[in-house]
Amino acid sequence: MRKTLFLGLLAIGLVGISTAQQKKQPTKKEARVKPEEVRQVLLSGFEQDPKFLWKIEQDESQRICSQYPSMEAMPPKAVQKVIELENKNIVYPQWGIAWGDWKEGKKLVESARGGRFASYGFSDKFTDKGGNCYACHLIEKGVPGGTMGPSLTAYGKRYGITKENMNTPEGLERLKMVYKIVYNAWHAYPCSSMPRFGYHGALSPEDVMNIATYLLHPESPVNK
Amino acid sequence: MRKILLTSAVFGLACAGFLGYQTVKAQDQELSPEEEIRLVQEFNRMMAEGINPGEIWAEMGKEAFKKYNLDKCDFGLGPGKVEGALAQLPRYFPDAKRVMDLETRIGWCLQQYAGMTPEQVKKFATQCWGKSQCMGEYDAIVMYVSMASNGQKFSVNLNDPQVKRMYEIGKQIYYARIGPWDFNCATCHAGQKEARIRATKLWSADRPGEAGQAVSIFPKYLVRWSQPMTMHYRYAECIRQMRWPTFEPHSDLAVAISAFLYGTANGTEIKVPGIGR
C-alpha cells in the first residue's frame, strides 16, 4: 500500500517536473547556439600554424552581414550601417584618380592565385596576387566566366567612355566610381558576395586602379 | 571482366589527365577554359558509357578495411556493420563523447583498433591531398563504407540534441562572413538565383534537394585529378579557396559542416561514387 502510494506520488512528481521543464523549454531564439560555441568549433577546424592563421576575427560589417542570409533580407538600418562603415574604408592611390595600366589590370583580373595557403600540395606563394574576377563575372567576350556577379562585358563602352571624354571630369568620375567598387564593393553593395579587395589588402590601390582602367579604357580588350 | 574495364578506364583517364597537365604547370591547379570544357566533355562521355573509375577504390577499400581492423569499428549499427552506416551519419557516439561523421569515426576507430596516433591518422587521411592519380588506402576505405549505403536514403537524426547542436553550429558557420576575402560557404552555395563559378554550375543549400544531390555522391571521382575526393578533402579545398586557414580533417568544424549538409540532405538517395571534373 505505502509502496504504491510512494510510487504514485513519485510518478505525479515526475510528470509535474517534466511539464514544468516543458514550460521552461527555451524559445526558438534561446535554443540557438552561443557565438562562443560557434567560434570554438570554427577555430578547432584550422591548423594552428600562425603562418597560415589569418584574420578570423570578424569586423563589424562582417558581423552584421552574418546575421542575414542575403542582401535582400537586410533591414534598411543594417544596410545603412554597413554603407556608412565601408565608405570610411576606402584608400586612394598616392597620386589620386588617374588612368593606370590596363595590361597590368588584365593580369590581375585573370589570376586566380593569391591568399590560398595550405600545408598540402596546392598552396599559393605569399607574393601571389589576383582578383580571380572570372570566377564570378563575364568580362572579355568569349571567355568563360561566372554568373554570381553582373556581366562586365564591354563595360567602358557601355558607360560611353571614349578617347575624347576619358580625361574630362565626368570620365574621371566614372573611373573613380569603378575604383571604389573594386576597392571596397560593400561601400555601395553592402554584404555583397564580392570581396573587399582593397580594404583587406589583397590588392593595392595601384592594382585596383589598373583593374578599373582595364574595365573602362577604350583601348582595353574588354571594350574592343 | 568489369575489373579489367575499370582498371583500363582509370589508366586511360590518367594518361589523358597527364597529357592535359602538359599545358598546366605542376603547382598551378588552374585549368584553362579550354581544358575545363574538355574534361567536362570527357566525363560526360564516361558517364554515358556507364564507366565510373571511382568504383575501383571500393575494392581496395574492402581489403584495407580488414587490414586496419575496422571490422571492430561501430559506425552506429554495430561493430563492422557498414550497410546503411553512411545514411545515419553524423550521429552521437557515447564511447567518444562526440558527434562524428563518417570520416571522423573512421579516424577515431583507426586510433582505437589500428594503433594509430592522431598524427598518423591525419597523415593517413591526407596522403592524397594535393596530388593526382593517387591511390590511397584511406580514400578506398571511405569509398567502400560509403558505397555500402547505396540505394538508402539519408536519415540523420536531427531530434538528437547533440546532433541538432552541431547542425546549428554548422549552419551558422555556413552563413558567417569570415576572413580576408569576406567569404563563407553561402557565397557560392546559397541563394535562390542559379549561378555559375567560371564554367561550373553551383548548387544551393537554399534551393530544395540540391544539397542532397551534391553530398549523396561523395566520395566523388574527379576527372581532373584522376582520383576520388572525400568530403573532408572537399571541405579542405573549399576552405582553401575561401582564403581561410588550412582545414583540419576530423575536427569539430568538419562534423558541424557535415551535420548541416547531411541533415539538409535527409531523404536523398545515396549514389556513390559520383563523378565530376
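How many residues line the largest cavity, and which of them lie nearest its centre? The structure examined here is a predicted model, in which local features need pLDDT of at least 70, side-chain atom pairs count only at pLDDT 80 or more, and totals for chains, interfaces and linings use all residues. Residues are numbered from 1 along each chain as its sequence is written, chains are lettered from A and ligands numbered from 1 in the order in which they are written, and side-chain values use heavy atoms, with hydrogens and water left out.

The largest cavity is lined by 14 residues, and those nearest its centre are B:Leu86, B:Leu102, B:Glu103, B:Met231 and B:Tyr262. A cavity is here a set of points, on a 1 Å grid over the protein atoms alone, where a 1.4 Å probe fits but cannot get out, whereas a pocket is an open set with protein on both sides within 12 Å along at least five of seven lines; lining residues have an atom within 4 Å of a point. Grid points are joined across faces, edges and corners, and a volume is the space filled by probe spheres set on the points. Under this rule there are 3 cavities of 30 Å³ or more, and the largest cavity holds about 90 Å³. Two or more residues of its lining come from each of helix H4 (102–113), helix H6 (137–147), helix H10 (231–241) and helix H11 (252–264) of chain B, where helices (H or I, at least four residues) and strands (E, at least two) are DSSP runs numbered from the N terminus. H10(B) provides the largest share, with 3 residues. By residue class, the lining of the largest cavity divides into 8 nonpolar, 4 polar and 2 charged residues; Ala, Val, Leu, Ile, Met, Phe, Trp, Tyr, Cys and Pro count as nonpolar, Asp, Glu, Lys and Arg as charged, and the others, Gly among them, as polar.

The second largest pocket has a volume of about 1100 Å³. It is lined by 30 residues, of which A:Arg32, A:Val33, A:Pro35, A:Val38 and B:Gln172 are the closest to its centre. Helix H2 (35–44) and helix H3 (60–66) of chain A, together with helix H7 (161–174) of chain B, each give two or more residues to this lining, and H7(B) gives the most, with 7 residues. The lining of the second largest pocket comprises 12 nonpolar, 5 polar and 13 charged residues.

Helix H3 of chain B (residues 55–67) has 13 residues and reaches 19 Å from its first C-alpha to its last, close to the 18 Å expected at 1.5 Å a residue, the expected span being 1.5 Å times one less than the number of residues. A kink of about 25° in H3(B) is centred on B:Gly61, the bend at a residue being the angle between axes fitted to the seven residues ending there and the seven starting there. H3(B) is followed by B:Asn69, which has a positive phi of about 60° although it is not a glycine, and which is partly exposed at 28% relative accessibility.

Side chains of opposite charge can pair when their charged atoms come close. Over all chains the structure holds 22 salt bridges, each defined as a side-chain nitrogen of Lys or Arg within 4 Å of a carboxyl oxygen of Asp or Glu. One of them joins B:Arg38 and B:Glu42, with the closest N and O atoms 3.0 Å apart; both residues lie in helix H2 (residues 33–48) of chain B, 4 residues apart, about one turn of the helix. B:Arg38 is partly exposed at 28%, whereas B:Glu42 is buried at 11%. B:Arg98 and B:Asp252 also form a salt bridge, at 3.1 Å from N to O, and this pair links distant parts of the chain, 154 residues apart, with B:Arg98 in strand S2 (residues 98–100) and B:Asp252 in helix H11 of chain B.

Two cis peptide bonds may also be described. One joins B:Leu89 and B:Pro90, with omega about 5°, and another joins B:Phe218 and B:Pro219, with omega about 0°.

Terms used
Buried means under 20% relative accessible area, exposed over 50%, partly exposed in between (1.4 Å probe, protein chains only).
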